[in-house]
Amino acid sequence: MAKKPLSNFQQLTTSSREIVKTLSQSSDPLSVKELTQISPLLSKINKTTLYRNLELLITREVVRPVMVNATATYYELASLSHHHHAVCMQCLKIMDVPCSQEQPHILQTRAKGFQTKDTDIIYHGLCAKCQ
């Protein structure tokens, strides 16, 4: 599934552009805490403002949330190619896992007449550092 390009980037606020910039420089999804640790600018803005900017970016389909569990949300650019995630159950590090839209579970749903728009598979386990 092709993702939309980062359109209307110039119309974003400074904070929103900084979120996009910070996410684009990361190889993995980031939590709000990680965003504020990486970016000096984001560390200075009010958390409510940061969440409002994230919601705006999600609405505009520039950023997508990655729900690790009921309490942990990470964020990544929506323009990334299709992939899944692996989450360490001990340190909560989240990593991208490449995949194909032609995986068996997608083919099986297609064979039943179901048109899959998106998948979000999360593998839970222990990362190399926590093993």
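Trainee: How far is the sulfur of Cys-91 from the closest cysteine sulfur?

Mentor: General idea to start with: a disulfide is a covalent bond between the sulfur atoms of two cysteines. Here it is called when two cysteine sulfur atoms lie within 2.5 Å. The closest cysteine sulfur to that of Cys-91 belongs to Cys-88, and at 3.7 Å it is too far for a bond. Cys-127 is in no disulfide either, its nearest cysteine sulfur being that of Cys-130, 3.7 Å away. By this rule the count is zero disulfides.

Trainee: What am I looking at, and how are things numbered?

Mentor: This is a predicted model, where local features need pLDDT of at least 70, side-chain atom pairs count only at pLDDT 80 or more, and totals for chains, interfaces and linings use all residues. Numbering runs from 1 along each chain as its sequence is written, and side-chain values use heavy atoms, leaving out hydrogens and water.

Trainee: Which residues touch the most other members of the largest nonpolar core?

Mentor: In soluble globular proteins, nonpolar side chains tend to be buried together. A nonpolar core is a set of buried Ala, Val, Leu, Ile, Met, Phe, Trp, Tyr and Cys residues joined through side-chain atoms within 4.5 Å. The largest one has 16 residues, and Ile-19, Leu-23, Leu-50, Leu-54, Leu-57 and Val-63 touch the most other members. At least two residues of this core come from each of α1 (14-24), α2 (32-38), α4 (47-59) and β2 (73-77). Those labels are DSSP runs numbered from the N terminus: helices are H or I with at least four residues, strands are E with at least two. Another core, of six residues, lies apart from it and includes Val-68, Ala-72, Tyr-74 and Ile-94.

Trainee: What does Val-63 touch?

Mentor: Contact means heavy atoms within 4.5 Å. Leaving out residues up to four places away in sequence, Val-63 touches Leu-23, Leu-54, Leu-57, Ile-58, Tyr-75, Glu-76, Leu-77 and Ala-78.

Trainee: And helix α1: which of its residues are buried?

Mentor: An α-helix has 3.6 residues a turn, so residues three or four places apart point the same way. In α1, the buried ones are Ser-15, Ser-16, Glu-18, Ile-19, Val-20, Thr-22 and Leu-23. They pack against α2, α3 (40-44), α4, β1 and β2. Take Ser-16: at 0% relative accessibility it is buried, and beyond four places in sequence it touches Asn-53, Leu-56 and Leu-57.

Trainee: What is the strand order in the open sheet of three strands?

Mentor: Strands of a sheet pair through backbone hydrogen bonds, either parallel or antiparallel. Two strands count as paired if DSSP finds at least two bridges between them. The order here is β4-β3-β5, with mixed pairing. β4 and β5 (122-125) are the edges with a single partner strand each, so one side of each has no neighbour in the sheet. β3 and β4 pair antiparallel over five bridges, and Val-87 has Ile-94 in β4 as its bridge partner.

Trainee: Where does Leu-92 sit?

Mentor: Leu-92 is in the loop between β3 (83-88) and β4 (94-98). Its phi is positive, about 65 degrees, although it is not a glycine.

Terms used. Buried < 20%, exposed > 50% of the residue type's maximum accessible area, 1.4 Å probe, protein only.
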